[in-house]
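Good morning, and thank you for coming.

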Amino acid sequence: MSHLEDEPEPDKRTLRRGFLAARNALTTDDVRTAALALAERAGELPELAHARTVAAYVSVGGEPGTLTLLDALHARGVRVLLPALLPDNDLDWGAYAGEGSLAPVRHGGRTALLEPAGERLGPDAVTDADVVLLPGLAVDAGGMRLGRGGGSYDRVLARLAAVGARPSLVVLLYDGEVVDRLPAEAHDRPVHAVVTPSGVRRFA
Ligand SMILES: Nc1nc2c(c(=O)[nH]1)N(C=O)[C@@H](CNc1ccc(C(=O)N[C@@H](CCC(=O)O)C(=O)O)cc1)CN2
Ligand SMILES: Nc1ncnc2c1ncn2[C@@H]1O[C@H](COP(=O)(O)OP(=O)(O)OP(=O)(O)O)[C@@H](O)[C@H]1O
């Protein structure tokens, strides 16, 4: 992206469109191969090795795959919390109990998400997490994350801060989604690390 450095910062919407188009161009095989590498790389994170509760999400479509990782955590006895999207874009949470505990839910015209089918624990349940795995479209060298724009995870991060919870914040991405710089707003908060198929990068 260095050839763009002299141009005005493209806004978040334009950036989102570009990153989503690249994901849409991936084949099922690309996604599957990357998901295996991601699970392996994430397995190297000491934060995950020691976590008792992990807040995560089930990837859909071209998103970097998370299910292999979720199954590995669940099999080790880690409590895995998964989000359920509420009408105002806030997130409720439920526990992952294997693939049978997921239900496809379509919100509006969007791709169906896989959400926890069991008991709902309430939006504050995320404050129990030792590690939060956040979805995103990109992260920059300062750890600032570009999300989908719903503000769901902005609210999660605000809620964690409000109760003084300081879990490790980790975003799972493809290699090309780690960039030099993203536009940041006052409410944006940096993550601690990014996992891509080629490895883990930590932010100061
Ligand atoms: N897998 C997953 N679950 C998640 C999120 C996410 O980003 N990914 N969320 C993050 O906040 C929350 C749900 N919010 C979402 C907001 C917008 C779209 C969305 O615009 N989807 C588009 C593009 C899908 C694609 O990448 O191909 C669509 O369905 O058209 C999806 C989820 C909680 N669960
Ligand atoms: N703590 C908050 N509570 C409610 N709304 C918020 C909060 N923080 C940010 N928002 C709103 O959410 C919207 C999306 O913000 P932004 O573009 O940063 O989303 P994002 O970080 O890309 O998405 P996400 O958090 O879903 O991954 C903005 O309109 C913003 O004002």
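Leu133 stands opposite Val170 in strand S9, and Leu134 stands opposite Val171 in S9. Strand S6 (residues 131-134) and strand S9 (residues 168-172) pair in the parallel sense over four bridges; two strands count as paired if DSSP finds at least two bridges between them. Helices (H or I, at least four residues) and strands (E, at least two) are DSSP runs, numbered from the N terminus.

Before going further, the source: this is a predicted model, in which local features need pLDDT of at least 70 and side-chain atom pairs count only at pLDDT 80 or more, while totals for chains, interfaces and linings use all residues. Residues are numbered from 1 along each chain as its sequence is written, and chains are lettered from A and ligands numbered from 1 in the order in which they are written.

To return to S6, Val131 and Leu133 point one way from the strand, Val132 and Leu134 point the other way, and all are buried, that is, with 20 or more other C-beta atoms, placed from the backbone, within 10 Å of their own. S6 also pairs with strand S1 (residues 53-55), in the parallel sense over two bridges, and Val54 stands opposite Val131 there.

Now the whole sheet. Seven strands form an open sheet in the order S3-S2-S1-S6-S9-S10-S11, with mixed pairing. Strand S3 (91-95) and strand S11 (199-202) stand at the edges with a single partner strand each, so one side of each is left without a neighbour in the sheet.

What packs against H2 (residues 28-42), and at what angle do the axes cross? The axes of H2 and helix H4 (residues 67-75) come within 8 Å and cross at roughly 40°, the axes being lines fitted to C-alpha atoms over the stretch in contact, with angles from 0 to 180 degrees between N-to-C directions. Ala35, Leu36, Leu38, Ala39 and Ala42 in H2 meet Thr68, Leu69 and Ala72 in H4; contact requires C-beta atoms, placed from the backbone, within 7 Å.

Finally, the ligand. 21 residues surround ligand 1, the closest being Gly61, Arg110, Thr111, Pro135 and Ser152; a residue counts here if its C-beta atom, placed from the backbone, lies within 6 Å.

Key: Two residues are in contact if their C-beta atoms, placed from the backbone, lie within 7 Å. A residue is buried if 20 or more other C-beta atoms lie within 10 Å of its own, exposed if 12 or fewer, and partly exposed in between; C-beta atoms are placed from the backbone.
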